[in-house]
Amino acid sequence: MAKKGTLKRISGPVVEVKDLDDAKLYDVVRVGEEGLVGEIIKIVGGTSVVQVYEDTNGLKPGEPVENTGQPLSVELGPGILRNIYDGIQRPLKDIEAKSGYFIRRGINVPPLPRDVKWDFKAKVKPGEHVKMGDVLGEVQETELILHKVLSPYEGKILNVKSGKYTVEQEIGEIEVAGKKKDLYMYQKWFVRTPRPYTEKLAPLIPLVTGQRVVDTFFPISKGGTASIPGPFGSGKTVTQQSLAKYSDTEIVVYIGCGERGNEMTEVLTEFPHLKDDKSGKPLMERTVLIANTSNMPVAAREASIYTGVTLAEYYRDMGYNVALMADSTSRWAEALREIGGRLEEMPGEEGYPAYLARRLAEFYERAGRVRTLGSDERYGSISIIGAVSPPGGDISEPVSQNTLRVTKVFLALDASLAQRRHFPAINWLKSYSLYKDSLDEWLRANVSDEFPGMRDKAMELLQKESELQEIVQLVGPDALPDREQVILLVTKMLREDFLQQNAYSDVDAKASFKKQNLMLKSIMTFHDKAMHAVDIGVQLKRIQGVPVTAAIGRMKEISEAELPKFSELIKEIESDFAQVAKK
Amino acid sequence: MKEYKTINQIAGPLVFVEGVSGVSYGEIVEVILGSGERKKGQVLDVSESIAVVQVFGTTAGISTSHSSVKFLGETMRVGLSTDMLGRVFTGMGEPKDKGPRIVPEKKLDINGLPINPYSRATPADFIQTGVSTIDAMNTLVRGQKLPIFSVSGLPHNQLAAQIARQAKVRGTEEEFAVVFAAVGITHEEASFFMRDFERTGALEKSAIFLNLADDPSVERIITPRIALTVAEYLAFEHDMHVLAIITDMTNYCESLREIAAARQEVPGRRGYPGYMYTDLSTIYERAGRVKGKKGTVTQLSILTMPGDDLTHPIPDLTGYITEGQIVLARDLHRKNIYPPVDVLPSLSRLMSLGIGPDKTREDHKGVSDQMYAAYATGRDLRSLSAVVGEEALTETDRKFLRFADEFENKFVRQGPYEDRSIERTLDLGWELLSLLPEEELKRVKKEHIAKYLHGKKKEEQKPEAKPAKEKK
């Protein structure tokens, strides 16, 4: 290994090193006697500026610094799922075994377990020519996920054998441009470099999240990007967690970036108990968590986002749909700001570095539905859902604004909705989805022909309601004409019986598109019938008093197995109004 | 131990020492003045030849020619012992009462270490504070960090003292301790707490750290960290359930800003340093439960919102780190309601972990949600009725209006020594919900309505007859 450099200056998480041999930007270095992990972020003459991923208290000028010569990378291979990592892919479970319940520094543990033997089933034969990204073999990583070992090279397979291996044992050999190379079940990848794919595809398939307000009104596509900004207490984390739990993806990568320790614990304790819908197996079997809580070193927080998205790309390359939750990107941006400040960079808006917008865009660009590398046709996707925590809930600040520029779905969380316990507290007037139109075709084919129309009609009513509310504020509801009062009646239903969804109820926490369609249809039928009743001169009081409203109020609790009950409900609406009209 | 006489620059709380070697980042130093007086400080930035030292206390009297700096070779640590309970210390951890010096069992770095998220256990035990607005609507659980957001002139200290006095986990008699850190509060406020602790006998089970308003502001950075190190020690090494009370975090943040300004750092929002979120998290995150350990640290910090502004950086960043907040409101205080807890912006994120059939009562969640929704509706209608008059409202609306009034008067309001059990609190909630038409009670389960609302009605025929009459 190259000659060691020496520490020159220490200022918080940023240190200066002189005479570091062959220093390249973004090389990982080991700082001080304890070998703290750091990364070179600036080189000035013979001095390298290093951000250290661990606490720097007690470091002295003069201590040695060693260059590993490699950029920050992650290990990709079986053993990632079910794990919980810190921001630079150190398994927290193994850290606990080494240092107890507090995280001490200078702990060096491999990301993938070295002692586990995986049952590798080869899918290629000696003599076969493989391309980069071709499937060499398969490993049952967890009960739910079949891990595909992908070839990191293009070349001719010399030999490969099924059997039980640890990640460090070679599974075969390959000839790459005349040279022999060993094959392993794992590979390393630099976190700041996106993994390659063949082509990016248009967003035509929705990510079914089971959340009515999202799926119906502000859909996210598979491979899409969404941002959830909101002040504290508006339910960002609960919304993120619901999306993670109920989305129809095979893999979930959950990045707790600079957030609360107890929240990660909640995910950790809850996910193993939550059952996957299709298989009935614990959700944890297809989840990987990255936890860099707010009190953990700030530089590792900056890295956590990249670590997470690289792991997501790896599973995408196997042909899986991945949902990546980043909670919260604001904390990541603050880490950038903090490090920028220590580097004495010229600050941009609100002290954030001038490259904030580019970094955010680069991150969200790693989402997408793609045709992966490899000769077989495989499609995978990464959908990124990023929480944003704007100071004071004011989204005119740089992180929110730059995020809005690159993400296609905006789910605006609203503190006043949260305060009246309207959950998910997504404001339907401020949110938007740019995928809505491109997904309509899928909806017509897979849900119902009339669904997009009903949805637009319902949204129109909700818009109208906000106008009417202003009038009501001035003159009271009784001054409105009957038709408009009916609109208020219907929109109240839409808000309370459709948009509100109880994340803690077993039945209501998740709704299939079928159920969403039927619920919406019930309310819209009510609307049409009520309007008709007004037209034929039925008294408003009688319309407001139809008994079926109570049944609509409880339709959330109809489980997916009892969906035929909805046709009874719709019949009930029709007959109730027929009654009202008779009198 | 090395001593240098090479001070080259003094700026605010910072002292620059030249020609140093072997100094480590974060090391504690002693500055010795010409008069012989000694001040402590800490290394903030060190390069091969210059060390920047932040002095705790004023830098008055330090000179470039007559003062020297001694590097002590260790980072800031505090000596720990269970004997610290029942004692009063300065903000720097020196005994302030007339008791003997503490013989430490061990010494730990005051910055602590982050708890491994994997090793945390989810908080789950309901703490009954005896305050209805907290117990029913914003339940506190063991291991939670729940701050009180107040504004100047409100009785937040009384409320904190009341919680310290009444807080208990029901059905257990486990060891309980209070660690109290006063950060830049006045003598008067400090003596209020001391008197209250003495009178109720809580003092014996408390370790008290006082950094008062006239103490050096730089020490305010140290005081909460010492207190929390003690709290972690008592909880995780001596199996105690510790309630850490820190007041007032606003003073802490002001100190942070002062130091950042002296260091000529690029300021963030409103002049507070950009790393304030990270810095605050190293305080607030020191709460919780750890797998395999009996003890817990529950944090109750108090902060006063400058300008009554919830979006000010101090409450804002705090709210993003803590697991909820209890917000006190001036208008409730004006109506002479104690405790003036405004439940609408208040929140306990861990509430659902601590309530339910085995923990409090089966109807808890429903009652709480229903009261939240109804009170929010009532408050909206209040502003509407101010414009259009009460007559223009529908009958149902008027019931909501009345609910909001009664909620404030009966449910929020309680005496500073009134310790309400959770059952009493929930029953009170049902009593108020009975003011509303039953079809509006969408958040509570039907069977709970039957059990708690109608069950009650049968018992108390007479009081129920009243609201019916008033309808006219």
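Which residues in H6(B) meet H7(B)? Let's start there, everyone, and then move over to chain A.

A word on the ground rules before the answer. This is a predicted model, where local features need pLDDT of at least 70 and side-chain atom pairs count only at pLDDT 80 or more, while totals for chains, interfaces and linings use all residues. Residues are numbered from 1 along each chain as its sequence is written, chains are lettered from A and ligands numbered from 1 in the order in which they are written, and side-chain values use heavy atoms, with hydrogens and water left out.

Now the answer: on the H6(B) side we have Met276(B), Tyr277(B), Leu280(B), Ser281(B) and Tyr284(B). They meet Pro313(B), Ile314(B), Leu317(B), Thr318(B), Tyr320(B) and Ile321(B) of H7(B), contact meaning heavy atoms within 4.5 Å. By class, this contact has nine nonpolar, two polar and no charged residues. Here Ala, Val, Leu, Ile, Met, Phe, Trp, Tyr, Cys and Pro count as nonpolar, Asp, Glu, Lys and Arg as charged, and the others, Gly among them, as polar.

And the geometry? Helix H6 spans residues 276-284 of chain B and helix H7 residues 313-321 of chain B; their axes come within 10 Å and cross at roughly 55 degrees. That makes H6(B) oblique to H7(B); angles under 35 degrees count as roughly parallel, over 145 as roughly antiparallel, 65 to 115 as roughly perpendicular and the rest as oblique. Axes are lines fitted to C-alpha atoms, for helices over the stretch in contact, and angles run from 0 to 180 degrees between N-to-C directions. Helices (H or I, at least four residues) and strands (E, at least two) are DSSP runs, numbered from the N terminus.

H7(B) is mostly covered, with nine of its nine residues buried, that is, under 20% relative accessible area, against over 50% for exposed and in between for partly exposed (1.4 Å probe, protein chains only).

Staying in chain B, look at helix H2, residues 156-166: nine of its 11 residues are buried, including His156(B), Asn157(B) and Gln166(B). The buried residues of H2(B) pack against several elements of chain B, among them helix H3 (187-199) and strand E19 (296-304).

Over to chain A, and a helix pair with another angle to look at. The axes of helix H13 (residues 513-535) and helix H16 (residues 565-582) of chain A come within 10 Å and cross at roughly 5 degrees. That makes H13(A) roughly parallel to H16(A). The contact of H13(A) with H16(A) divides into 10 nonpolar, two polar and four charged residues.

Now some strands. Strand E15 (residues 172-176) of chain A has four of its five residues buried. Strand E13 (residues 155-160) of chain A runs antiparallel to E15(A), joined by four bridges, and Lys156(A) stands opposite Glu175(A). Five bridges join E15(A) to strand E16 (residues 179-183) of chain A, again antiparallel, and there Glu175(A) stands opposite Lys180(A). Two strands pair if DSSP finds at least two bridges between them. E15(A) and E16(A) form a hairpin with two residues between them, and Ala177(A) in the turn has a positive phi of about 45 degrees.

Last stop: an open sheet of four strands in chain A, ordered E12-E11-E9-E14 with antiparallel pairing. Its edge strands are E12 (146-150) and E14 (163-165), each pairing on one side only.
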